[in-house]
Amino acid sequence: MKAKKFAKVGPKLPGPKGSEIVRKTSKYVSPSIARFYPLVVESAHGSLVRDVDGNQFIDFAAGIAVLSTGSTHPKVVDAIRRQSAKFIHFSYTDFYYENLVQLSERLVSLMPGNFSKMVYYGNSGAEAVEAAMKLSRNYTKRPIFLAHSGAFHGRTMGALSLTASKPIQRKGAFPLIPETVHFPYPYCYRCPWKQTFPECDYYCVDYFKEQYLEKFVPSDEVAAYFFEPIQGEGGYVVPPPDYFHRMEFLRKEGVLMVSDEIQTGVGRTGKFLGIEHFGITPDLVTIAKGIASGLPLSAMIAKAEVMESWKPGQHASTFGANPVAVEAALATLDVIKSERLMENARRLGSLALKRLNEMKEKYEIVGDVRGMGLFVGAEIVKDKRSKKRGEQEAHQIMDYCFKHGLLLITAGRNTLRVIPPLNISKEELSEGLDIMEEAIALTSSAAAKG
Ligand SMILES: Cc1ncc(COP(=O)(O)O)c(C=O)c1O
């Protein structure tokens, strides 16, 4: 075991203070929240987190891909302080303020596509998705939404209708929006048709045309196709390079293409949007998570022609575009640019992929490694041949990491995800990967012994 510089944990987790907070949380807070492990945060700076009992962890979770500039970046904290001292809230539903114009100009300029765009603001990812659903119906005057199985677009009733990653998320909530059609995501490691890329020649696209559009989905009644450029909660699934380009035929049918960038956006994949890796220009984009380094803010950016179909009063949110969150977003964009965080994501993302691919060669339980920038997943299996999902093994690895000072979480049922702050240092990342390797080696040899 290598000596640790950053990860410092005592023998018992959580410690006495943490245990008491966990106990009280279960008493007062909704049980619908499923936590990975009992981390009770006391403070966090950059990519290091301290708990209430004095343990220190390396952060590979970034508040679930939210802390793009790390925890408490001085420029973000300064922006929050500055704006809070001026005014904290005024509601953009009824009044104006200048930093909203600045942020909108910045966001619009960061979007691909040589056409005018406009921005709608909410507080959470789900709210941005709801807005995109409502807007696309309003513009097209069509009822149907297309989405993928394995997709995650949020948990409010509209967004939940698109979400199809775990049955528990929908349990007890039916009926949802009935005009929602799901079809398989191009998940090459587990191709539903047992095909191999590239020999398959994108059979998934042909299947969608033949079995959906030619059988039961009238394309001229489809408002929008919602997709994640890389599936997040579905298990960090990277589609083959030409997939979205081939799906663009939907545009000719008048269907809007909506790229849900809530997890992949704001530089996480090494480009501002995940879809930029796939060379298509969406009509609508949703972003949230990393945009304000932890303050609640989401945005739905659409072609101006589409957004202008809304009349005043058709959609709004009291807390949307909170001025403090807007100022934090402006600071976040400044930091991403001045500290070259997209470059860092690309550079350190390649390092993480390389290390994890080496682990894939060495350990039977690492089935697949995939990702872009600092959006990286390692799928854990029982063994490489059967590819049976190593759900229990993935949880054992995660648990070991927690107990040894690394905050690592899963995606889907059996994928470990590496999504640290975009400004994590090489040293911190390497130490975190060392802890991951220890955990994988132990779990792999335990699995081999049966
Ligand atoms: C791709 C995607 N869309 C939407 C959401 C929902 O965002 P929120 O939890 O902020 O509502 C998430 C959250 O993980 C997400 O990953």
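Predicted model: local features only at pLDDT ≥ 70, side-chain atom pairs only at ≥ 80, totals over all residues.
I began with contacts (heavy atoms within 4.5 Å): residues 24 or more positions apart account for 74% of those in the chain with a separation of 6 or more.

Residues are numbered from 1 along each chain as its sequence is written, and side-chain values use heavy atoms, with hydrogens and water left out.

Next I looked up burial (buried is under 20% relative accessible area, exposed over 50%, partly exposed in between; 1.4 Å probe, protein chains only). Of the 450 residues of the chain, 56% count as buried.

Five of its six residues are buried, so β10 is largely enclosed by the rest of the structure. What does β10 pair with (pairing takes at least two DSSP bridges)? I found strand β4 (residues 117-122), antiparallel over six bridges, and strand β9 (residues 284-287), antiparallel over four. Ile301 in β10 stands opposite Val119 and also opposite Val285.

My last stop was Arg170, in helix α7 (residues 167-170). Arg170 is buried but has no salt bridge (a side-chain nitrogen of Lys or Arg within 4 Å of a carboxyl oxygen of Asp or Glu). I found the nearest side chain of opposite charge, Glu130, 11 Å away (Lys and Arg count as positive, Asp and Glu as negative; His and the chain ends are not counted). Beyond four places in sequence, the contacts of Arg170 are Leu160, Ser161, Thr163, Leu176 and His182.

Key:
Pairing = 2+ DSSP bridges.
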